[in-house]
Structures are given as C-alpha cells and as structure tokens.
Amino acid sequence: MSSQTGKVLSQLDLETEPWRVCLVGRDRAAVTLGWVQKVQLIKIKGNTLVKDKVLKVNGDVRGITTSGDNLVVTYPKQPWLEVISTDGKVLHQFHSTGKTQQLISLDFITTSPDGTLWVSDWDNNTITKMDASLNTLQTFTSPLLQRPHGITAVTEDEILVCSMWNNSLVLLQPSTNTWSTLLGEDDGIEDPYSLTYCPQERKIFVAPILTDSIKVFKFS
C-alpha cells in the first residue's frame with residue numbers, strides 16, 4: 001500500500017506474481033494470481049493488508065474489476081470472461097463460440113460508474129462495452145488505438161486507454177464515438193501498459209511496461 005508521498009505503508013507476500021488488483025468496497029481488495037489460477041481476496045485494516053479467502057478460477061486469470069457485489073475476470077483464452085461471486089461461484093461466462101463478437105487477447109477490464117464493463121483486446125485493437133451479464137453492447141476502434149492494454153473509466157462517457165504502440169493515452173467518448181490523444185510522447189509517455197484514476201484528486205497514474213516507475217498526471 002502506498003501513500004500520497006510514495007512511502008510504502010504495508011506490504012503483503014503472495015503465493016505467486018500478482019497480475020491485476022481492484023478494490024472490493026472500501027475494506028477489501030482482490031488480486032489475480034494467474035500462474036496458479038486463483039484470485040486472492042485481501043482485507044484492508046487501516047494501513048495493514050491481511051490475506052482473506054482464495055478463489056479458484058478456470059484458467060490463467062488476468063484482469064479483474066467489480067460488478068455490483070461480484071467480480072469480473074478476464075482470461076487470455078477460453079472462457080475469456082467470467083462474472084464470479086466473492087464465494088467463487090461462476091454466474092456468467094463469455095465464450096466466443098457462436099458469437100458475432102470475437103475476442104482474441106483480453107487482459108485489462110474496468111467498470112464505469114453506471115456499472116457498464118469495458119474490456120481491451122490488444123490483438124483486435126478494440127474496446128468492447130458489455131453489460132453485467134457479459135452481453136456485448138458495442139465495440140469501438142480507432143487508428144489511435146494500437147495495442148490497447150490498461151483501461152479505466154473516469155465517467156460513463158470518458159474512457160481512458162493505454163495505446164502502447166502509439167506511446168499515448170487515448171480518450172474515448174462513447175456517446176459520440178470520439179477519440180482523442182490525451183497524453184503522448186511529448187508528455188513523457190512511453191510504452192504505457194497500465195493505468196488507474198483517482199477521482200478524489202483527479203489524477204491519472206500510468207505505469208509503462210517492464211519498468212518499476214509510475215507517472216502521475218492531473219486530469220482536467
């Protein structure tokens with residue numbers, strides 16, 4: 001856990017390398033452990049992190065977000081996406097077989113304030129909008145989107161995406177299917193891989209691939 005000054009407040013050793021993390025309410029987090037096909041739930045007690053229960057999942061799990069009281073996870077191959085309860089019960093699955101929307105390489109996923117799910121597909125160069133039951137609502141793409149990875153929703157109509165091969169952060173406004181470059185190489189963006197947004201401070205935190213640095217930008 002880190003503070004505003006970057007000081008480490010708490011650290012927790014896990015079974016294997018963590019892939020993604022999301023908050024589950026104010027006092028719990030969930031971490032994907034892809035190599036061992038598990039999701040580790042973590043209790044947050046002040047500045048202390050404590051291991052909670054472990055959920056066994058159906059593959060090399062990568063991305064994770066919340067949908068109401070449930071978790072949504074992504075896989076790099078079938079079943080691609082699942083909605084699971086915090087007890088580990090599978091509630092919904094997305095399989096590409098028989099679907100008009102073919103997903104190839106899924107990783108990052110986020111939830112917008114209205115509960116809509118957004119997932120990036122870095123081989124298809126697409127962003128897919130889904131409902132809480134994993135029904136595809138709309139698919140977006142743009143020449144600005146090259147190898148999309150990290151994705152986060154600022155509002156229902158402001159979706160930020162790491163366009164890794166373009167060395168940029170791009171902004172999608174779904175209501176008008178409008179794309180724009182928010183930050184680029186001139187801003188120090190290089191190989192952006194993951195990002196998150198802090199609504200309280202209106203700041204964007206960006207992590208390049210294969211580095212141990214995080215860059216912080218004000219979102220206005």
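Residues are numbered from 1 along each chain as its sequence is written. In this predicted model, local features need pLDDT of at least 70 and side-chain atom pairs count only at pLDDT 80 or more, while totals for chains, interfaces and linings use all residues; side-chain values use heavy atoms, with hydrogens and water left out.

Student: How many aromatic pairs does a search of the whole structure find?
Tutor: Rings of Phe, Tyr and Trp (its six-membered ring) pair if their centres lie within 6.5 Å; planes under 30 degrees apart count as stacked, over 60 as edge-to-face and the rest as tilted. Searching the whole structure with that rule, the number of aromatic pairs is four.

Student: What kind of aromatic pair do Phe108 and Tyr193 form?
Tutor: The ring centres of Phe108 and Tyr193 are 5.2 Å apart. With 80° between the planes, the pair is edge-to-face.

Student: Phe108 and Tyr193 tie together parts of the chain; how many residues apart are they in sequence?
Tutor: Strands here are DSSP runs (E, at least two residues), numbered from the N terminus. Phe108 lies in strand β9 (residues 106–111) and Tyr193 in strand β17, so the pair ties together parts whose separation in sequence is 85 residues.

Student: Is Phe108 buried or exposed?
Tutor: Buried means under 20% relative accessible area, exposed over 50%, and partly exposed in between (1.4 Å probe, protein chains only). Phe108 has 8% relative accessibility, so Phe108 counts as buried.

Student: Why is the pair of Tyr197 and Phe219 edge-to-face, and what is the angle of their planes?
Tutor: The ring centres of Tyr197 and Phe219 are 5.8 Å apart. Their pair is edge-to-face because the planes are at 80°.

Student: Which parts of the chain hold Tyr197 and Phe219?
Tutor: The two residues are 22 apart in sequence, so their pair ties together separate parts. Tyr197 is buried at 12% relative accessible area, and Phe219 is buried at 3%. Tyr197 lies in strand β17, and Phe219 in the segment after β19 (215–218).

Student: How many salt bridges does the structure hold?
Tutor: Side chains of opposite charge can pair when their charged atoms come close. A salt bridge is a side-chain nitrogen of Lys or Arg within 4 Å of a carboxyl oxygen of Asp or Glu. The number that the structure holds is seven.

Student: Which side chain meets Asp107 in a salt bridge?
Tutor: The N to O distance in this bridge is 2.9 Å. The pair links distant parts of the chain, 87 residues apart, with Asp107 in strand β9 and its partner in the segment before β1 (21–23).

Student: Which strands hold Asp52 and Arg28?
Tutor: Their side chains meet in a salt bridge at 3.2 Å, N to O. The two are 24 residues apart in sequence, and the strands are β4 (residues 48–56) for Asp52 and β2 (residues 28–33) for Arg28.

Student: How far apart are the closest N and O atoms of Arg147 and Asp123?
Tutor: Arg147 lies in the loop between β12 (136–140) and β13 (148–155), and Asp123 in the loop between β10 (117–121) and β11 (126–130). Arg147 is buried at 18% relative accessible area, whereas Asp123 is partly exposed at 36%. The closest N and O atoms of their salt bridge are separated by 3.0 Å.

Student: Is Leu134 buried or exposed?
Tutor: Leu134 is found in the loop between β11 and β12. Its phi is near 70°, a positive value in a residue other than glycine. With a relative accessible area of 2%, Leu134 is buried.

Student: What is the phi of Asp191 near?
Tutor: Asp191 lies in the loop between β16 and β17 and is partly exposed, at 31% relative accessible area. Asp191 is a residue other than glycine with a positive phi, near 50°.

Student: What separates the C-alpha atoms of Asn166 and Leu145?
Tutor: Asn166 lies in the loop between β14 (158–163) and β15 (168–173). Asn166 and Leu145 are 21 residues apart along the chain, and their C-alpha atoms are separated by 7.4 Å.

Methods:
Helices (H or I, at least four residues) and strands (E, at least two) are DSSP runs, numbered from the N terminus.
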